[in-house]
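The sequence and the structure are shown first.

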Amino acid sequence: MSFSINGTTGITFNDSTNMATAASLGPRNRIINGNMLIDQRNSGASVTASTTGATTYTIDRWSYYTTQASKFTIQQNAGSVTPPSGFNKYLGFTSSSSYTVTSTDLITTLQWIEGYNVADLNFGTANAKTITLSFWAYSSLTGTFAGSVIGTNGSTFRSYVFTFSIASANTWTYITVTIPGDTTTFSYNTTNGQGLALSFNLGCGSNYQTTAGSWTSSNYYSTSGAQNIVSTNGATFYITGVQLEVGSVATPYQFNTYSDQLAQCQRYCFRPTGTSNVNFLSSSGSWTGTVVGFASGSFPVPMRALPSLTTDSSTLSNYAVYTPSTSIFNPVTSLSVNGVTGTFNYAITFGTASGGTAGTGAYLAQNSQTTYGLYWSAEL
Amino acid sequence: MYTNAQYVNGFDGKPMCINADLPNGQFISIPLDPANTDYINIMKLVQEGQLTIAPAS
């Protein structure tokens, strides 16, 4: 392979890719699951967010926020188009209606990056570093689209709205956006809380719009005149290969091994899975009485914070406690995060109507790990 | 977004988590950790007067 070096683009390889900074030589993508490969919660199934004013997680690390119910279906590889070369998966949004946003509407997909992972950017100081965003986008619409980078100190926000253009409908388009570091004094979170968010606008009103191309106070997601995808029934918007890195040049997408990428995701969401679907035994423990006990286990990687336990079904009788000494499954009547749960290990306190003997071994079982699964969440 | 929210006590008789139902038919058990996003969200609803968390039974 040959390459050239100059003072503007740095090293240019003979496949026309560039590396302009030493930061390009190591792990550089601050986005996790940018190639949309990991989908622990939904396993590729479609999601329709019916809850307003709340965050819904789609594929791992990517959330969806909406002020209007059921405006999009969201799915890994929605529409089954061929992803751009080098990718197998993408995150797809399909508009469910033709909806005209009001000033207070906000519909967006975003990924919060943990503060630890952007601390070196020195945002909020005179030494803030330039960053570059790159991704592939595909839409049934053409024109100017918008997104934003948002930072927080835990109570107030800074944001930078950017625009990008898709000239050809239903064609994958490679987008790069270079964003200057935020040099305005501001205490960006640099620990395990929300650091920076990357957002793509799906539909937002004037309250969340500002001029593109500069840092500003508060949280903005779009700019006047940009496409609101929610306004067109059946409109599609797909993205993949999302990378946010230091420097002013977009480098090729940084692929990780599947196991490394899964581990990155599991810091924020861990869904135990196994080979047995029916009566899947997700964790083991012991009865501490006739109707109460605990099941425990270890997280594959340290969670970001103490995690919540979520079950796919609020009908807890879809979960059971299996006692090997009696070979009996007793339906669960209560599940709770035990107080000894940490970021490395967990314990679940379970309750049943009967079936226990203090001191005997027990397993927490699920009728179906796919339909009645459970997962741990420490999302941002 | 949370309903039927209730504190759950541990073996020491002190609250160890908050259990609630989610609108999409899910159940959630939330640790009392100020860094947990669900805890932040549910306490915000309490502060805004939109949610009451029942004491442990």
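In this predicted model, strand β20 of chain A and strand β3 of chain B (residues 27-31) run antiparallel and are joined by three bridges. Within this pairing, T311(A) has F27(B) of β3(B) as its bridge partner.

The wider interface can be described from both chains. On the side of chain A, 26 residues are in contact, and they meet 21 residues of chain B. The two chains bury about 1800 Å² between them, and 53% of this lies on carbon and sulfur atoms. The residues of chain A that lose the most area to chain B are L306(A), S308(A) and V337(A), which together account for 24% of what that side buries.

Which elements of chain A give two or more residues to the side that touches chain B? They are β20 (308-311), β22 (328-337) and β25 (374-377) of chain A. The largest share, four residues, comes from β20(A), the strand that is also bridged to β3(B). By residue type, the side of chain A that touches chain B divides into 10 nonpolar, 13 polar and three charged residues.

As to polar links, 13 residue pairs are in polar contact across the interface of chain A and chain B, both residues being at pLDDT 80 or more. Zero salt bridges are found across this interface.

In general, strands of a sheet pair through backbone hydrogen bonds, in either a parallel or an antiparallel way.

| Strand pair | Bridges | Direction | Residue ranges |
|---|---|---|---|
| β1(A) and β2(A) | four bridges | antiparallel | β1(A): residues 3-6; β2(A): residues 10-13 |
| β2(A) and β3(A) | two bridges | antiparallel | β3(A): residues 18-19 |

I11(A) in β2(A) stands opposite I5(A), and I11(A) also has M19(A) of β3(A) as a bridge partner. The hairpin formed by β1(A) and β2(A) has three residues between the strands. The hairpin of β2(A) and β3(A) has four residues between its strands, and S16(A) in this hairpin takes a positive phi near 70°.

Turning to side-chain pairs, the structure holds 32 aromatic pairs over all chains. One of them is formed by Y160(A) and W215(A), whose ring centres are 5.5 Å apart and whose planes stand at 55°, so the pair is tilted. Y160(A) lies in strand β12 (residues 157-166) of chain A and W215(A) in strand β15 (residues 215-217) of chain A, so the pair ties together parts that are 55 residues apart in sequence.

How many salt bridges does the structure hold over all chains? The total is seven. One salt bridge is between the side chains of R41(A) and E379(A), with an N to O distance of 2.9 Å. This pair links distant parts of the chain, 338 residues apart: R41(A) is in the loop between β3 and β4 (47-48) of chain A, whereas E379(A) is in the segment after β25 of chain A.

Key:
Residues numbered from 1 in each chain as written. Chains lettered and ligands numbered in written order. Heavy atoms only, no water. Contact = heavy atoms within 4.5 Å. Buried area = accessible area lost by both parts, 1.4 Å probe. Salt bridge = Lys/Arg side-chain N within 4 Å of Asp/Glu carboxyl O. Polar contact = N/O pair within 3.5 Å; in protein donor to acceptor, adjacent residues only side chain to side chain. Nonpolar A, V, L, I, M, F, W, Y, C, P; charged D, E, K, R; others polar. Pairing = 2+ DSSP bridges. Phe/Tyr/Trp six-rings, centres within 6.5 Å; stacked < 30°, edge-to-face > 60°.
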